[in-house]
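Here is a short briefing on one protein model. Look over the sequence and the coordinates before reading on.

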Amino acid sequence: MSYNILLRMTEGGAAASFEISMGRTILETVLAAGIDYPHGCRAGNCGACKSHLISGQVEMSPYSEFALSEEEKARGLILACRAVAWSDCEIQPVAAEDAAIHASRRLQCRVAEIEAGTHDIR
C-alpha cells in the first residue's frame, strides 16, 4: 500500500507530489526523489526537518521533545524524519528563519581511541 505526499516548498510556491511506500518516512521519500529538504540528524533529535502537516495523518516514531515540543505538535508540526504517512498528506517545511539549520557535510574521520564514559556509553 502507498500514499501520495504533496510537498509545498514555499508559501503559495512550487509543489511536488510523491508516492510514499508504507513504512517509509516522509524525509526518506523526499530525499530519494532528489529534493533538497532541510534535515540534520535523521533521528528526531535536531528539529531541522520540522514541517507543517497541512492535511493527512502521520504516525511519529519516537523523537526528542527538544526537536518538537508538545505545543508545536498541537499546532500541527511534525518531524519529517520521524513521520510515516497513514493517508495522503500535504506538508510544508517551516520557514528558514524558524528552522534549526545544520550544515550538511561529509567528513572522513578515523577513530583514534575509545574511552568508557559510563558503563554503557563509549
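**Fold and model**

Read along the sequence, the pattern is β-β-α-β-β-α-β-β-β. That gives two helices and seven strands, taken as DSSP runs numbered from the N terminus (helices H or I, at least four residues; strands E, at least two). The model is predicted: local features need pLDDT of at least 70, side-chain atom pairs count only at pLDDT 80 or more, and totals for chains, interfaces and linings use all residues. Residues are numbered from 1 along each chain as its sequence is written, and side-chain values use heavy atoms, with hydrogens and water left out.

**Packing and surface**

- Of the 122 residues, 33% are buried (under 20% relative accessible area; exposed is over 50%, partly exposed in between; 1.4 Å probe, protein chains only).
- Among contacts (heavy atoms within 4.5 Å) with a separation of 6 or more, 57% join residues 24 or more positions apart.
- The accessible surface is about 8000 Å², by the Shrake-Rupley method with a 1.4 Å probe. Carbon and sulfur atoms hold 49% of that surface.

**Nonpolar patch**

- M1, M22 and W86 form a nonpolar surface patch with about 370 Å² of accessible area together. Nonpolar side chains (Val, Leu, Ile, Met, Phe, Trp, Tyr) are joined within 5 Å, like charges within 9 Å.
- W86 sits in the loop between β6 (83-85) and β7 (89-93). W86 counts as partly exposed because its relative accessibility is 43%.

**Cysteines**

- The structure has zero disulfides (cysteine sulfur pairs within 2.5 Å).
- C41 is in no disulfide; its nearest cysteine sulfur, that of C46, is 3.7 Å away.
- C41 is partly exposed at 34% relative accessible area, whereas C109 is exposed at 67%.

Definitions and conventions: Patch = residues over 30% accessible without salt bridge, like charges linked within 9 Å, V, L, I, M, F, W, Y side chains within 5 Å. Salt bridge = Lys/Arg side-chain N within 4 Å of Asp/Glu carboxyl O.
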